[in-house]
Amino acid sequence: MTSPRQQVAVIGTGMAGLVISYILRNDPRGRFDVQVFEKQDKLSLDSASHTLTDSKTGEKSERLDLPMRAFADGYYESLRRMYDYFGITYGSPRFIYALSTLSNAQADPYFIHSSNNHQLPPLRPNGLSWISWLIEVCYLAVCYYWFTACCFFVTPHTAESAGTEETLRQYVDRIRLPQYYVANYLLPLMSSVTTCSHEALMDFPAVDLVDYERRTFRQKHYTVLGGVHRVQTKLSENLTHTLGAKVTTVENVGTKVQVTWTNIDGQSNSRLFDHVILGVTPDVVGAIFQPLRTAMAAVPTAKVQSVVHRDFSRILNASQSIWKQMSWGSGESAPQPIHMCSKDGATESIHEHPSSALITTYPIAPIDPEKVEYTATFTRVLRSAASRQIVNRIFGRRSADEKSQLWRNGDGNVWLVGGWCWDGMVMLEGCLASATRVANALDVEVPWMKSS
Ligand SMILES: Cc1cc2nc3c(=O)[nH]c(=O)nc-3n(C[C@H](O)[C@H](O)[C@H](O)COP(=O)(O)OP(=O)(O)OC[C@H]3O[C@@H](n4cnc5c(N)ncnc54)[C@H](O)[C@@H]3O)c2cc1C
């Protein structure tokens with residue numbers, strides 16, 4: 001006797017939705033029919049990326065990945081395994097981070113750091129005397145190694161270990177990290193990873209950042225060669241999808257789960273499934289799935305923009321002085337400067353892409369609209385002490401004597417996947433970890449985890 005194939009709906013085609021639908025479609029026992037819903041008119045993983053137009057010929061040229069979607073050894077084990085499984089190649093670009101304060105219209109770096117210290121000695125910012133620069137480098141080295149040592153030896157308090165969750169603000173206070181270092185180095189660099197304001201970052205659970213620092217310490221960072229669309233192509237082979245379908249409700253009806261969506265033309269449709277997997281951000285989960293409405297309101301999110309443009313006015317001087325000092329071997333690709341400009345508790349990053357376009361993420365000062373080629377807006381999921389506990393409860397096991405009514409992952413055959421659906425920084429690895437969790441619960445083999 002063969003049991004009928006189970007009908008599964010996956011909502012969202014970001015990394016998480018595409019990964020779980022790939023795993024289920026390729027179940028060695030062939031038990032699942034997977035239908036994917038996406039509100040945009042194209043698959044989403046690569047949807048914000050942009051193909052540059054040559055200003056002279058008008059022809060389409062290089063593809064820019066937006067967001068860049070970098071990953072690192074030590075933190076992204078499942079992601080790397082998946083890329084290796086698909087034969088996706090990745091490289092380790094060398095970045096030059098120029099840190100500056102935006103007091104006037106021009107970025108004026110106070111420190112220039114090269115990724116993995118590939119540029120030694122560090123470049124000296126224009127206008128900084130040798131003495132001032134040496135003092136800054138020594139001060140920075142002391143603070144950096146102190147912070148790193150604390151990450152390894154001073155464990156942050158968590159709700160599990162101490163009954164309360166320690167925020168980054170409380171942790172840097174406890175380890176007596178100097179304010180100057182926090183404001184000028186730690187927050188600008190980390191907030192460019194989390195793409196949020198310094199205030200919001202200070203509210204993150206300390207354990208997230210300490211764990212990230214510990215696991216990526218002295219590790220290489222990578223980006224996918226040829227663009228993340230290669231990953232999307234692999235993950236979406238033989239995918240059955242409904243594009244332009246905005247899901248409006250997901251609800252349990254008897255033993256089934258009903259998905260209701262509207263088409264581009266506004267027409268409403270419903271269908272019953274055996275399982276529904278939500279691969280959407282928590283604000284959307286709260287809006288379409290009633291049991292999590294209250295819980296999701298406590299998970300912070302923010303809108304973030306990435307702008308592709310050619311307005312060099314802000315970084316002109318800094319850029320010229322960096323390029324003058326930089327050196328690289330023949331056969332090596334040129335390093336890529338990223339200007340991190342801070343103002344009023346926020347940091348924008350301006351990436352000098354090899355194509356000579358600029359990509360500003362989280363802009364904090366105006367960009368000449370005439371020189372803007374493209375803008376993409378993302379929902380960034382943030383972390384807080386309260387949201388960490390909610391996320392951990394949703395994905396934790398229910399104890400036998402527990403009275404809590406809080407909905408748990410898998411209740412009523414509804415599942416959650418996404419960058420935010422794990423106990424860590426909201427990154428691509430969370431997509432893989434949460435998809436693997438659903439696969440394990442449904443007893444499906446994850447192809448790239450086979451040899452582990
Ligand atoms: C600016 C920025 C930079 C980042 N940089 C990095 C980085 O360098 N490295 C890294 O690891 N991570 C990075 N991240 C985080 C990472 O990109 C995300 O964690 C990850 O892409 C989330 O994927 P997801 O599949 O969970 O969700 P999403 O990619 O948000 O996908 C959700 C999907 O659901 C769809 N959807 C929403 N509502 C509905 C609805 N009602 N009906 C149907 N479909 C719907 C959306 O259109 C979308 O396709 C960055 C994020 C941002 C914003």
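Modeller: Let's start with the largest nonpolar core, which has 80 residues. Met-15, Met-82, Tyr-83 and Val-231 have the most contacts inside this core. This is a predicted model, where local features need pLDDT of at least 70, side-chain atom pairs count only at pLDDT 80 or more, and totals for chains, interfaces and linings use all residues. Residues are numbered from 1 along each chain as its sequence is written, and side-chain values use heavy atoms, with hydrogens and water left out.

Biologist: What makes a set of residues a nonpolar core?

Modeller: The members must be buried Ala, Val, Leu, Ile, Met, Phe, Trp, Tyr or Cys residues, joined through side-chain atoms within 4.5 Å. Buried means under 20% relative accessible area, exposed means over 50%, and partly exposed is in between (1.4 Å probe, protein chains only).

Biologist: Which residues does Val-231 touch?

Modeller: Leaving out residues up to four places away in sequence, Val-231 touches Met-15, Leu-45, Met-82, Tyr-83, Ile-88 and Val-224. Contact here means heavy atoms within 4.5 Å. Apart from that core lies another, of 32 residues, with Leu-278 and Val-414 among them.

Biologist: Why is Ser-434 called buried?

Modeller: Its relative accessibility is 0%, so Ser-434 counts as buried. Ser-434 is found in helix α14 (residues 428-441); helices are DSSP runs (H or I, at least four residues) and strands are too (E, at least two), numbered from the N terminus. Ser-434 touches Leu-416, Val-417, Gly-418 and Cys-421, again not counting residues up to four places away in sequence.

Biologist: And Ile-264, is that residue buried or exposed?

Modeller: Ile-264 has 69% relative accessibility, so this residue counts as exposed. Its place is in the loop between β12 (256-262) and β13 (268-273).

Biologist: How do you know that Asp-208 and Arg-383 form a salt bridge?

Modeller: The rule asks for a side-chain nitrogen of Lys or Arg within 4 Å of a carboxyl oxygen of Asp or Glu. For Asp-208 and Arg-383 the closest N and O atoms are 2.6 Å apart, so the pair passes. Asp-208 sits in helix α8 (residues 206-216) and Arg-383 in the loop between β19 (372-381) and α13 (385-395), 175 residues apart. Asp-208 has a relative accessible area of 3%, so this residue is buried; Arg-383, at 4%, is buried as well.

Biologist: What about Arg-310 and Glu-373, what makes them a salt bridge?

Modeller: Their closest N and O atoms are 3.9 Å apart, and the limit is 4 Å, so they count. Arg-310 is partly exposed because its relative accessible area is 32%, and Glu-373 is partly exposed at 30%.

Biologist: How many salt bridges does the rule give?

Modeller: The count comes to 20. A network of salt bridges links Glu-160, Glu-165, Asp-208, Arg-383, Arg-388 and Asp-423.

Biologist: How many salt bridges lie across the interface of domain 1 and domain 2?

Modeller: The rule finds 0 there. The chain is divided into domain 1 (6-48 + 228-296 + 383-449) and domain 2 (95-115 + 301-381), with bounds from an automatic or database domain assignment. The two domains bury about 580 Å² between them, 62% of it on carbon and sulfur atoms. Buried area is the accessible area (1.4 Å probe) that two parts lose on being put together, summed over both.
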